[in-house]
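Colleague: Before I use these labels, I want to know what stands behind each one. Shall we take them in turn?

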Amino acid sequence: MSLGKKNTDSFENDFFAFDNGAEGETDIRDKAPSAAVIPVKKLVSPIIWGVLLALFGVGWYKLAGLSDAYRVIAQRAINTLAAVCARLPLPIPLAELTWIALPSCFLLGLIYMVLKYRLRGLLRFLARYVWFAGAVFLWFVVIFGVQYTAPPLTEDPNLSHKEYTVEELTEVTALLAEKLNEYSLLLDRNPDGTMAEADYARTCELVADSYEEGYFAKSYLAGPRVMPRQAVLFSRQMSYINLAGYFFPYGGESIVSADQTPPCVPFTAAHEVAHTFGIAPEDEANFAAFVCCIQSEEPVLCYSGYFNAYIYASNALYEADREKWNEIYGTLEARVIADLLELSRHLAQYEGNLNDLGTAINDGYIQATGQSEGIISYSLVVKLIISYYITM
């Protein structure tokens, strides 16, 4: 046997099982220990199943997304899941436990398979993870992804559908600034003039109360009362990748970072809760958060709603008419300016390559869900806010 043939036989023996087809005959390859033999189907089968699950998820997204009834069912299912997970006696959100468990299991499993089976173990391990990835994707689509196919809020007959003008943008930005000034006088302040931190649990109760009575009451009340959870382990890490909060569909959890300035917390909590009752697009979740906050009778929520809406609107006005932007900025109270400067300082400390990477990943995820604008979709809330004021 030539050296080249010997090497080929050795490679085959390491990875795959064979049948020589003749009873009683023995092939040199049969001498390999059973632990070294991995049938081809054990490598191919998980990959095929993973691909099939992913394809089924895509098909489900296309077909189930056409059904309003199914979207309602999925919404209630994720509400129920959120309520169940919220009652688990866990000091840490299920989402954060998952971020610890998944990489740990992956790494330990990888080490075990490689040490025991070497390269053939690595291939089998990765094949199983293709199956796992397909299952995770399918569950995402079934429980939450279909909500991205819902009719947009811009089709709501209660809102104006036309494109806004610069004059309308200027008028609404000035109104937001006026409201900001008004509510800034009603809040507790730190010695440096910035907004004092509010009790998080109390803030979440206020968000839930406002959703139950406001513009989105019908959608919110379709399921159990949902309360956002505050990140315990990874708040600073979230800031480094430019996340103030996120929705974890596998547990129905709304996660809010503890590492953000006080004016942003109620708005972020309301934004993430909006995802739990079927509002998937980011601009619409921002709009739901804005309406939730300003319809509350609590100054903490009202200020947060106007604060974040002003930032989005003023950024749009800055691009459209710098002179008008300067005029409106000049009307802000010192307390409001202190909060804006504190937010800028807070965000600046996390700027860098990691922040850019986190932004790029979030941008890719948003585009993958059908929102072609990516992270810019957050700022598209300006159109909805202006429509709200024109209509109301």
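**Labels and cut-offs**

Colleague: Why is Glu 163 called exposed?

Modeller: Its relative accessibility is 56%. Exposed means over 50% relative accessible area, buried under 20%, and partly exposed in between (1.4 Å probe, protein chains only). So Glu 163 counts as exposed.

Colleague: What are the ground rules?

Modeller: This is a predicted model, in which local features need pLDDT of at least 70 and side-chain atom pairs count only at pLDDT 80 or more, while totals for chains, interfaces and linings use all residues. Residues are numbered from 1 along each chain as its sequence is written, and side-chain values use heavy atoms, with hydrogens and water left out.

Colleague: What makes Glu 163 and Lys 383 a salt bridge?

Modeller: The rule asks for a side-chain nitrogen of Lys or Arg within 4 Å of a carboxyl oxygen of Asp or Glu. The side chains of Glu 163 and Lys 383 meet at 3.1 Å, N to O, and form a salt bridge. The pair links distant parts of the chain, 220 residues apart. Glu 163 is in the loop between helix 4 and helix 5 (166-184), and Lys 383 is in helix 15 (residues 381-391). Helices here are DSSP runs (H or I, at least four residues), as are strands (E, at least two), numbered from the N terminus.

Colleague: How many salt bridges does the rule give?

Modeller: The count comes to 7. One of them joins Asp 339 and Arg 189 at 2.8 Å, N to O. Asp 339 lies in helix 13 (residues 334-348) and Arg 189 in the loop between helix 5 and helix 6 (200-213), so the pair ties together parts 150 residues apart in sequence.

Colleague: Are Asp 339 and Arg 189 buried or exposed, or partly exposed?

Modeller: Asp 339 has a relative accessible area of 2%, so it is buried. Arg 189 has 22%, so it is partly exposed.

Colleague: What about Arg 202 and Glu 298?

Modeller: They meet in a salt bridge at 3.5 Å, N to O. Arg 202 lies in helix 6 and Glu 298 in the loop between helix 10 and helix 11 (299-320), so the pair ties together parts 96 residues apart in sequence. Arg 202, at 44%, is partly exposed. Glu 298, at 29%, also counts as partly exposed.

Colleague: Why is Gly 251 called buried?

Modeller: Its relative accessibility is 0%, so Gly 251 counts as buried. Gly 251 is in the loop between strand 2 (245-248) and strand 3 (253-256). Gly 251 and Leu 94 are 157 residues apart in sequence, yet 6.8 Å apart in space, C-alpha to C-alpha.

Colleague: Why is helix 9 called oblique to helix 10?

Modeller: The axes of helix 9 (residues 265-276) and helix 10 (residues 282-294) come within 8 Å and cross at roughly 125°. That makes helix 9 oblique to helix 10. Angles under 35 degrees count as roughly parallel, over 145 as roughly antiparallel, 65 to 115 as roughly perpendicular and the rest as oblique. Axes are lines fitted to C-alpha atoms, for helices over the stretch in contact, and angles run from 0 to 180 degrees between N-to-C directions.

Colleague: What of helix 11 and helix 13?

Modeller: Their axes come within 12 Å and cross at roughly 65°. Helix 11 and helix 13 are therefore roughly perpendicular to each other.
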